[in-house]
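Trainee: I am new to this structure and would like a close look at one part of it. Please take me through the pairs of charged side chains.

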Amino acid sequence: MKLQRKNRVRALAVGALAVSGALALSACGSDDTTGAGGGGAAKPSNIKCDGKGKLLASGSSAQKNAMDVWVQNYAGACKGTEINYQPTGSGAGVTTFLQGQTAFAGSDSALKPDEVAKSKKVCKGGQAIDLPMVGGPIAVGYNVPGADNLVLDAKTLSKIFNSEIKKWNDPAIKQLNPGVKLPDLKIQPFHRSDDSGTTDNFTKYLKAAGGWKHEPAKKWEGEGGQAASGSAGVSSQVKQTSGAISYFELSYATASKIQTAKLNTGAKEPVEATVDNASKAISEAKQVGKGDDLALDLNYTTKAEGAYPITLVTYEIACDKGNKAETLPATKSFLTYISSKDGQSALKALGYAPLPTEIADKVRATVAKIS
């Protein structure tokens, strides 16, 4: 049984490498009673079900692997309820939610003030709030023959992704990797073509720690490079392109066996992209949202030992009040499950970081108040 669970987790993670599409798992006819995901994932019997019919949601592709497991577990417990999450990217997910087409959105960036203002038309008598749900490292994946333990830093990455450093044997990269034989190979940087919260978080790191010349944003502003859609798209390009480098969630690197760079942060040792190292950085986050809005400010310049600074916290965005009567029960039920200890415990095996206890407690209390 343990082997079957591990294989199921691996299969789910590998599924993220396919072209992103809709995930729709209906409880009708499901006979899964084990709870997919392993690693402490909840059994369906632990999930409190409310609502019937189809629940539409879309957004962040960074949380797709987590959603795969959460939706499968929920569908296994809640007969007649269908959760359809489309990993269209954070920007598209927020837009669709603000148009009233989905019950909630996934986003790797908190809502902007103008988006909160727009949400009041959808959330009758209330507004949209940010609910942190998934944390984890944004890995810098690369495909460079012979460079098995590559070390990079923020300044060098900023120049690579702005087409200022163009060869893998550039002196700046050599200095960070003494003794490593770097090839005279063209660097092929890939970035997201879609509006992406992962891009927003990655460029916030480049700006804060590396002097990035552009303003951080969901839309890519760097010069040069090539584009691909979604985390699945850029990770696939790195996998198949010699000299390639890009940024995507650790789960995509793990699933495709893509090497990831360690970061020179100023700590004694370069820091690897791992769930535990990301958790150390996320624990330094400060709540900047007001009231029930739990938006966080991440510390991208941490120099703490073992703290991996390129992290993201991906949010579920929902109305605090004024949810549609036909979708409120299932929305609240599903958000209650994924924020629960059972839901969060499924994340680590997939390369994500469960929420720190203090943040998770606030999320659960806020979800309980949604109306």
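Mentor: Start with Arg192 and Asp194, which form a salt bridge whose closest N and O atoms are 2.8 Å apart. The model is a predicted one, and the distances here are computed from it. Both Arg192 and Asp194 are buried. As background, side chains of opposite charge can pair when their charged atoms come close.

A search of the whole structure finds 11 salt bridges, including the one between Arg192 and Asp194. Another of them joins Lys54 to Glu82, with 3.7 Å between the closest N and O atoms. Lys54 has a relative accessibility of 51% and counts as exposed, because the word applies to values over 50%.

A further salt bridge is formed by Asp292 and Lys369, where the closest N and O atoms are 2.9 Å apart. This pair links distant parts of the chain, 77 residues apart. Asp292 sits in the loop between strand 12 (286-287) and strand 13 (296-297), while Lys369 is in the segment after helix 13 (357-367). The relative accessible area of Asp292 is 27%, so Asp292 is partly exposed.

Key: Residues numbered from 1 in each chain as written. Predicted model: local features only at pLDDT ≥ 70, side-chain atom pairs only at ≥ 80, totals over all residues. Heavy atoms only, no water. Salt bridge = Lys/Arg side-chain N within 4 Å of Asp/Glu carboxyl O. Buried < 20%, exposed > 50% of the residue type's maximum accessible area, 1.4 Å probe, protein only. Helix = DSSP H or I, 4+ residues; strand = E, 2+ residues; numbered from the N terminus.
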